[in-house]
Amino acid sequence: MSAPDVPTRGPARVAPYLTAGILVAIAIVMPLTVPLYARATPALWGIPFFYWYQLLWVFIAAGLLAVSYALVTREDRRRRAAVRGAGER
Amino acid sequence: MSAHLLSLVTGTGPDASGHRPVNWVALIIVIVLFVLVAVIGFLASRWRTEASARGLHSLDEWGLGGRGFGTWVTWFLLGGDLYTAYTFVAVPAAMWASGAVSGFFAVPYTVVLYPIVFILMSRLWSVSHRHGYVTPADFVGGRYGSRWLSLAVAVTGIVATMPYIALQLVGIRAVLTVLGLGSNSNPLMADLPLIIAFVVLAAYTYTGGLRAPALIAVVKDVLIYIAIIVAIAYLPAHFGGWGGIFDAAEKKLSATNPATGAPFGAVIPGVTGFNAYWTLALGSAMALFMYPHSITGVLATKSRNTIRRNAVYLPLYSLMLGFLALLGYVAIKAGTNPVDTNGAINAQLVVPQLFLDAFPSWFGGVALAAIAIGALVPAAIMSIAASNLFTRNIYRDFFKKDATAKHEANVSKLVSLIVKFGALVFVLGLDQSSAINFQLLGGIWILQTFPSIVAGLYTRWFNKWALLVGWAAGIAYGTITAYDVVNPATHAHFGGSIAAFPFTSTTVYIGVTAFLINALIAVVGTLVLRAFRVRDTGDATRESDFDADENDPKVAEIERSEPLLEP
C-alpha cells in the first residue's frame, strides 16, 4: 500500500485495560443476570426489588464507566506521549 | 429503540364512541412549541457554520453537522436520537398491557448499551475520522475492499430505518388523537396535521442537515425531562403511593386473558421468561448502535473520546425511560382509558391520555409537545442517515464513482425528502401494525450487520464472502422465525420477537439466535475458504487508524506528505 504505518500510540500496558475491561464486563453482566433480581422483596418505597435493582444499575454502570474512562484515557495520554517523545523527527 | 413492544393494540372490544372534544389549551401549547421548534430548525443551517460552508455542500457538513459536536451537543443529540417518541409511547403501553417482559426490558437494554458503546464506538470513530467515512457501510467497504458487503450493510440499514421513521409518525398520531384531532369522520382532515408536521420537518432537514435535529433535541430533551420529573414527583403520591400502584398492576396483569386463557402478563417475570428478558435486552443493545442513525450521531462528534464521555452521561436518559415505563403502571391505578377514535382500546394512547387526565391542560400540552417533538428529532436523523447510506454506498459506489462532495450532498438532501415521503405513505397507507411488524424485523435485520462491522473494528481475519453468507443466513432465519410467531389473541403473523432457541424449548429473542447463526457461518466459512486458500485481499485501513484522535492527520493528508511508495 502507501507509506509505512506510523503508530499513533506507543505500546499498551495490560493493567489499565484489564481493569477497565473487568469493570465494563460487570456493567454488562449484572443487569442481565435475571435470576438474581426477579423477586419482589425487599421493596423500596413500595417499589418491588425487580424494579429498583435495575434502576439502581443505571447509576452503578455509569460509575463503572466513569472509572474505566479515567483509567483508559490516562493510559492513552501516556501512550501518545511515548510516541511523540521517541518518534518525533 | 424498543423494537419488540408488541401486542400494543390489545383487545378490540367496542367501547364508547371514542370521540374526544378538542382540548384547545393543550392544542395551542403544542402548536406554539411546534412553531418554535420549526424556527430553530430553519435557523440551524447558520449554526456553527463558517461563511464558506453556508449551504452545506458536503456530507460532512450536511449529514454530520460539520463533524464537530462536543460532549454537550452530542448528549442532547444522541439522547434525542435514541430515546424516540415511539419509545415514550410504546414502552409504557407495553407495561400497561402486558407487564415487565415486553416493557421493562428497555431498562437493562439501555443500561448494558453504554458499556458496549464504550468499548466499540471510539474505534469506529477513529477509523472513520482518518478515512472520512460517513456511514457504517463506508467502513465495511474500506475494511474488506468489497462493495457488495458494503451494499449489504447499507441496504440493511436503509430497510431497517424506514419503518422506524414511520413509527415516529405513529407517536405523533397518538398525541394528535388524545388532543381530539384525528376523529375519523374525514380521513384527509384527520391526517392533515400529521402531513403538515412532516412537510415542515422535511423542509428544515433539507436546509439544515444534522444541525437541525441537534438544536431541536435540546428543546425536546428539556421538555421531556420537565414532564417526567413532574409526573414522577406528583403522580405516585396522588394515586396512593407506589405500593398501591404495583398492587393494581399485579391485579390487572394476573387476570386471565379470555383470548389466550393465560394471564395478560406479569409484574415480575417467571422463570420461563428469564431468557427472553435478558436476550431481548442484550440483543437490542447490540443492535442499537448498528442502526445508521446511531452511528451518524457518533461520527458527528469532535474527538475520539466524546462518545466515551457520553457513555457515562447518557444513562441519565435510561433512568428517565425507566420512570416513564412505570407510568404505564400508574395509568393502571389511575384507571386511564386509552380508547381510540374507532372505539377500540389502543394501549399506545395510555401515556398521552394519562398526562391530559391528571394535569391541567397547559401542562398536558407541554408533555404532549415533548412527545411530538421527540418524534421529529429521530425522524430527521434517521432520514439523514438513510440518505447518506444511499448516496455513498449505492449511488456513488455503483452508479457515479466520481461524484464530488457537493454532488453527494445534493443527492443526499433530495433522498432525505423521498425517505420521509415514503415513511408518510407507509403510515397513511398501510395500517399501523405493519409498521410495528417491520420495525420488529428491522431490529433483527440490523443485528445481522454486527459481525461485519464489529469484527472489522478488531480484525481482518474474517473472509468477506463468509461474512456475506452469514449475514444472508441470519436475515433469512430471523425473518422466517419472526413470521412463524403467531399472536395467540389475533392469530396474526409476526406476533412477537421471541421464539424457541433451535432444538430446545427455551424462548429467546429471535435476533440473538439469528446473530449466533450468522457468526457461526462467518467463522466456519472463513476457515473453509482459508483451507482452500481462497484469496481475500483489499483493506484500506491500517492498525494505527483505529486509535487515531482528532489531531492526528487524516489519510488524505498522510498521502500528500508521504507519497505512495509502491502500488
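How are α4(B) and α8(B) oriented to each other, roughly parallel or roughly perpendicular? Select helix α4 (residues 85–98) and helix α8 (residues 147–179) of chain B: they pack at an angle of about 70°, with their axes 8 Å apart. They are therefore roughly perpendicular. Angles under 35 degrees count as roughly parallel, over 145 as roughly antiparallel, 65 to 115 as roughly perpendicular and the rest as oblique. Axes here are lines fitted to C-alpha atoms, for helices over the stretch in contact, and angles run from 0 to 180 degrees between N-to-C directions. Helices (H or I, at least four residues) and strands (E, at least two) are DSSP runs, numbered from the N terminus.

Before you click on, some housekeeping. This is a predicted model, so local features need pLDDT of at least 70 and side-chain atom pairs count only at pLDDT 80 or more, while totals for chains, interfaces and linings use all residues. Residues are numbered from 1 along each chain as its sequence is written, and chains are lettered from A and ligands numbered from 1 in the order in which they are written.

**Still at the first pair**

From α4(B) come B:Ala85, B:Tyr86, B:Phe88 and B:Val89, and α8(B) brings B:Leu167, B:Gln168, B:Val170, B:Gly171, B:Ile172 and B:Ala174. Being in contact means that the C-beta atoms of two residues, placed from the backbone, lie within 7 Å. Sorted by class, that makes eight nonpolar, two polar and no charged residues. (Ala, Val, Leu, Ile, Met, Phe, Trp, Tyr, Cys and Pro count as nonpolar, Asp, Glu, Lys and Arg as charged, and the others, Gly among them, as polar.)

**Next pair: α6 and α14 of chain B**

Now select residues 106–131 and 306–313 of chain B, which are helices α6 and α14. Their packing angle is about 170°, and their axes are 8 Å apart. That makes α6(B) roughly antiparallel to α14(B). Look for B:Tyr114, B:Val117, B:Phe118, B:Met121, B:Ser122 and B:Trp125 on α6(B), which meet B:Ile307, B:Arg308 and B:Ala311 on α14(B). This contact has seven nonpolar residues, one polar and one charged.

**Zoom out to chain B**

Chain B has 23 helices and two strands. Its C-alpha trace spans about 75 × 60 × 40 Å along the principal axes. Of its 567 residues, 59% count as buried. A residue is buried if 20 or more other C-beta atoms lie within 10 Å of its own, exposed if 12 or fewer, and partly exposed in between, with C-beta atoms placed from the backbone.

**Where the chains meet**

Bring chain A into view: 33 of its residues are in contact with 41 residues of chain B. Which helix of chain A gives the most to this side? Pick α3(A), with twelve residues. By class, the side of chain A that touches chain B has 24 nonpolar, six polar and three charged residues.

**Last stop: two loops**

Most residues other than glycine have a negative phi, and most peptide bonds are trans. Now click on A:Trp45, in the loop between α2 and α3 of chain A. Its phi is positive, about 50°, and A:Trp45 is exposed, with 9 other C-beta atoms within 10 Å.

Then jump to B:Phe503, in the loop between β1 (498–500) and β2 (507–509) of chain B. B:Phe503 has a positive phi of about 65° and counts as exposed, with 6 C-beta neighbours inside 10 Å.
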